[in-house]
Amino acid sequence: MNQLRHNVIRAGLEALYFSGAHRLLQPLFAGVGTIFMLHHVRPPRGDAFQPNRHLEITPDFLRATLRHVRARGIDIVDLDEMHRRLRERDFRRRFACFTFDDGYRDNRDFALPVMREFAAPFTVYVTSDFACGNGRLWWVALERLIARAERIETTIGGEVVRLDCQDAAAKSIAFATLHDLLRAVPGPEITHLLAELCRRHGVDDGVIARELCLSWQELQNFAADPLVTIGAHTLTHCNLATCTPETARHEMAASRGAIEAKLNKPAAHLAYPYGDKDAATAREFALARKLGFKTAVTTRPGMLFTESANHLTALPRLSLNGNYQSTRLLPVLTSGAATAVWNGFRRVDAA
């Protein structure tokens, strides 16, 4: 199902490119700016089973994207400058922001050198528990245990789930099935379920954060770079919409507090974990606003328009998706045509 979805999306992007429709739609839907969303930047892996491939791009594709943005005369700015332009309605020049979620070490090792080539500022949204080394990146643990398993059996929400994992195709189906089921359960239950599955299949999920994410000590040096802004991404990378109002507030506020205490830097910007309509809703937008965050970003696809100034804690982003690393498609993505089609040609989706 996921592969079918990817094929449909790619076909749509290709259709916009070959028809030239993206050029016709650009004046209407490119907007005043773009917030690019990234996660990993690292060399390609050769594994046949990579269900989290969408979360990573290569340094070369990041370089191509930056080159494309600069060639179009678009300013690359940090989030404080984006906030100023939106608040003051300074839309004389189009702008772009680059944002990276979770706090991966490859953001320092592979993304930072590329960003330096272009003197391009960027923001990394840090999950506090990942920086502590005790958080659980359950989607990575799920990939690793399915890669090792031939069959998986577990109980989720009182229902027994049995899945075949004999080959790459079966593993992809198993991952998609379990991923969707786990997204619907509270964070502590995800941790418990994955810990038990990892134990059964010989995967140590406790080391993943230390293996992949920057520690607080590493973040101190990283955050000292003038191109780098550190934003908040909650304490535990939970689905905020499934939390009580008190817990959601604590996840946001304590995450900012930890960053400011550990790094002695302000954390004025927030990214909602997951960030889609099921995980970031009007309640979360209001909480972020009350907590004083200058901006908060979702994973809802879209460009920034003049109206976005009225929704600073519900901002959309444009994903640099690892499944669509084609320089030919960059003009389509940055034209706003693809997100316009996705959003039914609505300019703002902040409900």
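Me: Before that, what kind of model is it, and which pLDDT limits apply?

Reply: It is a predicted model, in which local features need pLDDT of at least 70 and side-chain atom pairs count only at pLDDT 80 or more, while totals for chains, interfaces and linings use all residues. Residues are numbered from 1 along each chain as its sequence is written, and side-chain values use heavy atoms, with hydrogens and water left out.

Me: OK, cysteines then. How many disulfides does the structure hold?

Reply: The structure holds zero disulfides, where a disulfide is taken as a pair of cysteine sulfur atoms within 2.5 Å.

Me: Switching to helices: at what angle do H12 and H13 cross?

Reply: The axes of H12 (residues 245–263) and H13 (residues 282–290) cross at roughly 50° and come within 10 Å. The axes are lines fitted to C-alpha atoms, for helices over the stretch in contact, with angles running from 0 to 180 degrees between N-to-C directions. Helices (H or I, at least four residues) and strands (E, at least two) are DSSP runs, numbered from the N terminus.

Me: What do you call that arrangement of H12 and H13, and what is its handedness?

Reply: H12 and H13 are oblique to each other, given that angles under 35 degrees count as roughly parallel, over 145 as roughly antiparallel, 65 to 115 as roughly perpendicular, and the rest as oblique. The crossing of H12 with H13 is right-handed, a term used if the near helix is turned clockwise from the far one by less than a right angle, with anticlockwise giving left-handed.

Me: Which residues make the contact?

Reply: On the H12 side they are Pro 245, Ala 248, Arg 249 and Met 252, and H13 brings Arg 283, Glu 284, Leu 287 and Ala 288, with contact meaning heavy atoms within 4.5 Å. By class, the contact of H12 with H13 has five nonpolar, no polar and three charged residues. In that scheme Ala, Val, Leu, Ile, Met, Phe, Trp, Tyr, Cys and Pro are nonpolar, Asp, Glu, Lys and Arg are charged, and the others, Gly among them, are polar.

Me: How do H7 and H8 pack?

Reply: H7 (residues 138–148) and H8 (residues 168–183) pack at an angle of about 145°, with their axes 10 Å apart, and their crossing is right-handed. Residues in the contact include Trp 138, Trp 139 and Leu 142 of H7, and Phe 175, Leu 178 and Leu 182 of H8. The contact of H7 with H8 divides into nine nonpolar, one polar and four charged residues.

Me: New topic, the backbone. What is the phi of Asp 102, and where does Asp 102 lie?

Reply: Asp 102 has a positive phi of about 95° although it is not a glycine. Asp 102 lies in strand E5 (residues 95–102) and is buried, at 3% relative accessibility.

Me: And what about Ala 119?

Reply: Ala 119 is likewise not a glycine, and has a positive phi of about 50°. Ala 119 lies in the loop between helix H5 (105–117) and strand E6 (122–126), and is exposed, with a relative accessible area of 52%.

Me: Last one: where is Gln 220, and what does Gln 220 touch?

Reply: Gln 220 lies in helix H11 (residues 216–223) and is partly exposed, with a relative accessible area of 43%. Not counting residues up to four places away in sequence, Gln 220 touches Lys 262 and Leu 263. Gln 220 and Ile 259 are 39 residues apart in sequence, and their C-alpha atoms are 9.8 Å apart in space.

Note on methods: Buried means under 20% relative accessible area, exposed over 50%, partly exposed in between (1.4 Å probe, protein chains only).
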